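This briefing is intended for a reader who is meeting the structure for the first time. It begins with the chain as a whole and then turns to individual elements and residues.

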Amino acid sequence: MEKRTEIELTSIESMDPKPRSFANHANAILIQEENIETPYGNFHVAIQGDRSKQPILTFHDIGLNHTTCFQGFFSYPDMQPILRHFCVYHVNAPGQEESSMTLKPEHDVLGNPDSLGSRFVYPTMDQLAEAIHHIVDHFGMKTFIGFGVGAGANVLARYELCHHDRVDSLILVNPTAGKSGWIEWGYQKMNSWYLFSGQLTSFTEEYLLWHWFGKKTRWTNHDLIHTYSEYIKTINAQNLGLFIETFLKRTDLGIVREMDPMRKVSARTIRCRSLILVGDDSPHMDDVVEMNGRMLPEETDFLKIADCGGMPLEEQPGKTCEAFRLFLQGMGYVPSLVQSYSAAAEYNQLHAGDHQLTPPMTC
């Protein structure tokens, strides 16, 4: 029998991983920030890239902003070759940007703030979509690629329905087309009641973490959950309460999948090329599947990302980036970016049963 020899590993040192920080690369990726005044409030816009390039306009989910929703994904190494061909405009809903002051009602012509009520009148979801139109005109965008998550996906979908000619395509993560259900209404009403009083309770924290990640991720990705738990403590509670109240009062998009060729022309539907993304353990799966069923199959790609909860941009940035790249190449953008055959095959395999997106050949 061979004698075993003990070997002392003296040259190996254990290193703790660097904690996830929303401050990482912040100065490297954002070249300019502007406050855009619209009839529906002031919107903070962070601009990343060369303004002469094709615009990508992002809109975040409730409880998040452009940093916490998109920074990690747009800082991902595989995204850098893609971003060289685009300029990204990150739009923040009023009062949701970092270190935002509590939104106050404006004074009337006599300087009396009480005449307009004690609470800031937050724009509705339709008004948020119209505010996007003012931002698009302000920056002189002829068309743009919309990238929305959750509530932001709903806002961009509303914009496309009213201004189809200005939207080149849409990437929608965890979108919803319907009104809030009774369970969501009850939980969100409780949250808004606490938030309007300036409190960020453990109840609200638990709900936000569930809304962003779902159940499985909360118990399997402790570092990510800890990072967002710490971030929750910095949120302006009253401003978040206003945004949640608006999202809670959203109306149905009214879109239908009309199969009759004669009626399809006049049907209310999203007509631009769209990519719908959802994690296979997302708490919003039912809403996403319903919206996909109401969209045109010939214009819509549906992708369910494996081993992922409610936030694909943070949990599976590699798979999300590959899906994003292949979608853009299907639209005719960045055709020279190299992609592996296995990645393309995996993407098409995940589309089994849905409209197939065949990426162009690489140069």
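The protein chain contains 14 helices and eight strands. The model is a predicted one. Of the 363 residues of the chain, 52% count as buried. The accessible surface comes to about 18,100 Å², and carbon and sulfur atoms account for 53% of that area. Among contacts between residues at least 6 apart in sequence, 74% join residues at least 24 apart.

- Helix 8 spans residues 222-232, and its buried residues are Leu224, Ile225, Thr227, Tyr228, Ser229, Tyr231 and Ile232.
- The partners against which these buried residues of helix 8 pack are helix 2 (66-74), helix 7 (202-220) and helix 12 (312-315).
- In helix 11, which covers residues 285-293, the buried positions are Met285, Val288, Met291 and Asn292. These four lie on the same side of helix 11, because the arc that they cover around the axis is only 130 degrees.
- An α-helix has 3.6 residues a turn, so residues three or four places apart point the same way.
- Packing against the buried residues of helix 11 are helix 5 (151-162), strand 6, strand 7 (273-279) and strand 8.

- Asn174 is located in the loop that runs between strand 6 (167-173) and helix 6.
- Asn174 counts as buried because its relative accessible area is 6%, which falls under the 20% cut-off.
- The side chain of Asn174 makes a polar contact of 3.3 Å with the side chain of Ser282.
- When neighbours within four places in sequence are left aside, Asn174 is in contact with Gly150, Leu277, Val278, Ser282, His284, Val288 and Gly310. One of these, Val288, is also among the buried residues of helix 11.

**A nonpolar patch on the surface**

- Ile183, Tyr187, Met190 and Phe203 form a nonpolar patch on the surface, and together they have about 390 Å² of accessible area.
- Helix 6 (residues 182-196) supplies the largest share of this patch, namely three residues.
- Phe203 belongs to helix 7. With a relative accessibility of 30%, Phe203 is classed as partly exposed.

**The exposed residue Ile31**

- Ile31 sits in the loop between helix 1 (26-29) and strand 1 (32-38).
- The relative accessibility of Ile31 is 56%, so this residue counts as exposed, the cut-off being over 50%.
- Apart from residues up to four places away in sequence, Ile31 touches Ile47, Gln48 and Gly49.
- The C-alpha atoms of Ile31 and Ile47 are separated by 6.1 Å, although the two residues are 16 residues apart along the chain.

- Most residues other than glycine have a negative phi.
- Asp307 is not a glycine, yet its phi is positive, at about 55 degrees. Its place is in the loop between strand 8 (300-305) and helix 12.
- Asp307 is classed as exposed because its relative accessibility is 53%.
- Val334, which is not a glycine either, has a positive phi of about 35 degrees. The loop that holds Val334 runs between helix 13 (317-330) and helix 14 (341-350).
- Val334 is buried, since its relative accessible area is 6%.

Definitions and conventions:
Residues numbered from 1 in each chain as written. Predicted model: local features only at pLDDT ≥ 70, side-chain atom pairs only at ≥ 80, totals over all residues. Heavy atoms only, no water. Buried < 20%, exposed > 50% of the residue type's maximum accessible area, 1.4 Å probe, protein only. Helix = DSSP H or I, 4+ residues; strand = E, 2+ residues; numbered from the N terminus. Contact = heavy atoms within 4.5 Å. Patch = residues over 30% accessible without salt bridge, like charges linked within 9 Å, V, L, I, M, F, W, Y side chains within 5 Å. Areas by Shrake-Rupley, 256 points an atom, 1.4 Å probe, with all protein chains shown as cover. Salt bridge = Lys/Arg side-chain N within 4 Å of Asp/Glu carboxyl O. Polar contact = N/O pair within 3.5 Å; in protein donor to acceptor, adjacent residues only side chain to side chain. Arc of directions from axis to C-beta.
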